[in-house]
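User: I should like to learn how to read the features of this model, one at a time. Please give the general idea before each case.

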Amino acid sequence: MEWVILVIIGLVASSLGSLIGLGGGIIIVPALLYIGTYTDLLGDIPPQIAVGTTSIILIVTGLSSTLSYMKHKTVDYKSGFTFFVGSAPGAIIGAWVNKALDVHSFNLYFGFFMIFVGILLIVKNKLKPLKLRTDKGIVRTFTDPSGETHQYGFQPLLGFIVSFVVGFSSGLFGIGGGSLMVPAMILIFLFPPHVAVATSMLLVFLSALVSSATHISLGNVNWWFALALVPGAWFGAKIGSFLNTKIKSNTLVNILRAFFIIMGLRLIYQGIFG
């Protein structure tokens with residue numbers, strides 16, 4: 001029964017995460033914490049184990065999604081590896097900071113983070129993208145299937161700062177970083193949405209390799225949980241990346257907004273009152 005629940009969690013989380021570029025961790029972590037707190041199915045699950053185990057799943061989700069997006073030629077490898085220069089040290093530092101958090105502190109901070117992501121999903125379509133400066137930094141072009149050419153780019157220093165914050169959040173909360181990186185790519189760096197999601201999943205994969213190595217060294221991985229989550233995560237990521245090219249995800253985003261805010265409020269309550 002426990003394995004069935006974990007496979008379902010991995011499948012649903014990875015499908016949703018790959019569809020809109022979140023990576024799935026922001027769903028898996030609270031799901032594990034909730035099951036560990038309110039049921040006897042999986043026993044007690046400390047935040048460190050939830051985050052460390054999820055970081056292993058993010059490798060699978062990121063790799064599976066990236067391979068799928070490669071077929072559609074929407075992955076910007078140069079930008080992805082450039083962002084990785086900032087996200088890698090951030091992921092290591094975030095994983096070490098996670099070690100110092102007790103369950104109440106983690107719930108409180110993660111709750112605020114989930115509410116922030118929920119609000120970000122609400123306002124991101126109302127924010128106006130910055131103007132692209134073509135005289136400085138890295139400038140890229142992308143031609144979509146309809147033949148329309150998009151121009152986007154970023155300055156390396158700003159890209160490093162943004163990706164460092166994303167990597168730190170990934171290592172600290174086990175969320176993959178897509179929840180922050182996709183809006184940043186679209187609003188700050190003017191990435192076309194499909195390129196932003198696909199490139200974000202490459203970054204999720206690379207960052208998860210670093211953060212998971214750190215969590216493994218700290219003993220934060222439950223390998224039985226990871227083995228049960230992996231099959232769902234692998235196939236869920238493929239389902240999400242396929243749906244990303246076929247449907248508009250506005251309805252799903254609206255559902256996730258409410259989910260993140262409600263779950264965030266619940267975690268904050270748990271963090272304050274226990």
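Analyst: Helices (H or I, at least four residues) and strands (E, at least two) are DSSP runs, numbered from the N terminus. The model is predicted, so local features require pLDDT of at least 70 and side-chain atom pairs count only at pLDDT 80 or more, whereas totals for chains, interfaces and linings use all residues. Residues are numbered from 1 along each chain as its sequence is written, and side-chain values use heavy atoms, with hydrogens and water left out.

User: How many helices and strands does the secondary structure of the chain come to?

Analyst: The chain has ten helices and two strands. From the N terminus, the order is α-α-α-α-α-β-β-α-α-α-α-α.

User: What should helix α8 span, at 1.5 Å a residue?

Analyst: The expected span is 1.5 Å times one less than the number of residues. Helix α8 (residues 193-217) has 25 residues and should therefore span 36 Å, in agreement with the 36 Å between its end C-alpha atoms. Just after α8, Gly 219 adopts a positive phi of about 75 degrees.

User: How many residues of α8 are buried?

Analyst: Buried means under 20% relative accessible area, exposed over 50%, and partly exposed in between (1.4 Å probe, protein chains only). In α8, 19 of the 25 residues are buried, and the helix is mostly covered. Over the 274 residues of the chain, 55% count as buried.

User: Which residues have the most contacts inside the largest nonpolar core?

Analyst: A nonpolar core is a set of buried Ala, Val, Leu, Ile, Met, Phe, Trp, Tyr and Cys residues joined through side-chain atoms within 4.5 Å. Here the largest core holds 69 residues, and those with the most contacts inside it are Ile 26, Phe 83, Phe 106, Phe 110, Phe 113 and Phe 191. Helix α8 gives the most to this core, with eleven residues.

User: What does Phe 83 touch, beyond residues up to four places away in sequence?

Analyst: Contact means heavy atoms within 4.5 Å. By that criterion Phe 83 touches Phe 154, Gly 159, Ser 163, Met 181, Met 185, Phe 189, Phe 191 and Leu 203. Both Phe 83 and Phe 189 are buried.

User: How many aromatic pairs does a search of the whole structure find?

Analyst: Rings of Phe, Tyr and Trp (its six-membered ring) pair if their centres lie within 6.5 Å; planes under 30 degrees apart count as stacked, over 60 as edge-to-face and the rest as tilted. The search finds twelve such pairs. In one of them, Phe 83 and Phe 189 are stacked, at 5.6 Å centre to centre with 25 degrees between the planes. Phe 83 lies in helix α4 (residues 77-99) and Phe 189 in the loop between α7 (178-187) and α8, so this pair ties together parts that are 106 residues apart in sequence. Ring pairs also join Phe 83, Tyr 152, Phe 154, Phe 189 and Phe 191 into a cluster.

User: At what angle do α4 and helix α6 pack?

Analyst: Axes are lines fitted to C-alpha atoms, for helices over the stretch in contact, and angles run from 0 to 180 degrees between N-to-C directions. Helix α4 packs against α6 (residues 156-173) at about 35 degrees, with the axes 6 Å apart. The contact includes Gly 86, Gly 90 and Gly 94 of α4 and Gly 159, Ser 163 and Gly 167 of α6.

User: Where is Thr 74 found?

Analyst: Thr 74 is in the loop between α3 and α4. With a relative accessible area of 10%, Thr 74 is buried. Its contacts, leaving aside neighbours within four places in sequence, include His 194, Val 195, Ala 198 and Thr 199.
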